Amino acid sequence: MEKVVSGIRPTGNLHLGNYFGAVKSFVKMQDEYDCLFFIADWHSLTTHPKPENIRESAKTILAEYLACGIDPEKAGIYIQSDVKEVLELYLYFNMNAYLGELERVTSFKEKVRKQPDNVNAGLLTYPTLMAADILMHKADKVPVGKDQEQNMEMARLFARRFNRIYGVEYFKEPESFHFSDKAVKIPGLDGSGKMGKSEGNAIYLIDDEATIRKKVMRAVTDSGPAEPNQQKPEPIQNLFTLMEVVSDKSTYDYFNDKYNTCAIRYGDMKKQLAEDINAFCAPIRNRITDIQSNEEYMRKVAATGAEKARESARKTLCEVREIIGFRTTAL
Ligand code: TYM
């Protein structure tokens, strides 16, 4: 059976971008693939979170994974820092990763701009840790949003390079997976760019109805189309993109038609969009609260997932040590 691995950084609650970029695929893939879904708590250290936030955020994402429908009977769910084997592979990949190529990664350059006082080595080697997460389990497919494309290319590069350096055909190149036929980028409602926690424009799965309505009604729009079938400017396209993922096709078509005939009323469209987002989030929101109250269950899920992940990781690591030339001591 083909293998699937993916993770999310625990930097707060899951938002619609995380859901439609990644988690929706997780839920779909668990029926057809051998899946491991993790919480990337090591990756979150690049911004030096407080210890209590790390613990709490990991628990939050775990509850949200479950509330979204990831079934621990079908997929392994684990916390990255419970699988220490990954760190050894991270070290090996770092030895084959070059400063120039790591510095050229767009998300690294962005972070250098955004947090110039904290350009740490973990930030620089973020893609090698991500490659270790994926290649550790020899994943065939990795469900991720569009913003992870470059990191995926790096993972493929490190796989190829390892094979070349050691003259083996060991790691295969993992593919990105998207639930539709193209990479997903969920926009924010502030006019431009993607939805993200650090962008401050996210709608969270736990947001209540009033919060969702407030966020959607505030979305940037314009004075409306001046001629029929006009191309939509970015803020308007963004509203339609969100509607495309949360609403029925008939609802989308109705407002699209209104736009194309210059009869659109953005207020009506936003009201409908807020309603549909709420209809989508409400059942998940209710399940999150239920699951969070069952700490014992969550602990069990994470322990079982970690054991599954460690078993797969130990096997890879033994083989990698052998290839590199180390003794293959029992791990
Ligand atoms: P992270 O935590 O930033 O985001 C988690 C997942 O959500 C997707 N995503 C989006 N997709 C579409 N539109 C958006 N606006 C949007 N915002 C977030 C991301 O593409 C991602 O799939 N580096 C990863 C975590 C990671 C990982 C891995 C992923 C660490 N190791 C191994 C896969 C495999 C990250 O920071 O994602």
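This is a predicted model: local features need pLDDT of at least 70, side-chain atom pairs count only at pLDDT 80 or more; totals for chains, interfaces and linings use all residues.
1. Taken along the principal axes, the C-alpha atoms fill a box of roughly 70 × 45 × 40 Å. The protein exposes about 16,100 Å², and carbon and sulfur atoms supply 49% of that area.

2. How much of the chain is tucked away? Of the 331 residues, 50% count as buried. Have a look at the contacts as well: among those with a separation of 6 or more, 78% are between residues 24 or more positions apart.

3. On to charges. There are 46 positive and 48 negative side chains in the protein. The centres of these two sets lie 2 Å apart.

4. Next, the inside. In soluble globular proteins, nonpolar side chains tend to be buried together. Here, the largest nonpolar core has 61 residues, and the members touching the most other members are L16, V23, Y65, L205 and I277. Helix α12 (residues 266–292) gives this core its largest share, 10 residues. There's also a second, separate core of 42 residues, which includes V142, V144, Y170 and A309.

5. V23 is worth a click. Which residues is V23 in contact with, leaving aside neighbours within four places in sequence? The list is I8, L14, N18, Y65, C68 and I70. Y65 also turns up with V23 among the core members that touch the most others.

6. You'll find S44 in the loop between β2 (34–39) and α2 (51–68). Is S44 buried or exposed? Its relative accessibility is 3%, and buried means under 20%, so S44 counts as buried. Not counting residues up to four places away in sequence, S44 touches R9, P10, T11 and P49.

7. Last stop, R161, which lies in helix α8 (residues 149–166). R161 has a relative accessibility of 10%, so this residue counts as buried. If you skip residues up to four places away in sequence, R161 touches N96, A97, Y98 and E101. For comparison in the viewer, S44 sits in a loop, whereas R161 is part of a helix.

Terms used. Residues are numbered from 1 along each chain as its sequence is written. Side-chain values use heavy atoms; hydrogens and water are left out. Buried means under 20% relative accessible area, exposed over 50%, partly exposed in between (1.4 Å probe, protein chains only). Contact means heavy atoms within 4.5 Å. Accessible areas come from the Shrake-Rupley method with a 1.4 Å probe; for residues, only the protein chains shown count as cover. Lys and Arg count as positive and Asp and Glu as negative; His and the chain ends are not counted. The place of a charge is taken as NZ of Lys, CZ of Arg, CG of Asp or CD of Glu. Helices (H or I, at least four residues) and strands (E, at least two) are DSSP runs, numbered from the N terminus. A nonpolar core is a set of buried Ala, Val, Leu, Ile, Met, Phe, Trp, Tyr and Cys residues joined through side-chain atoms within 4.5 Å.
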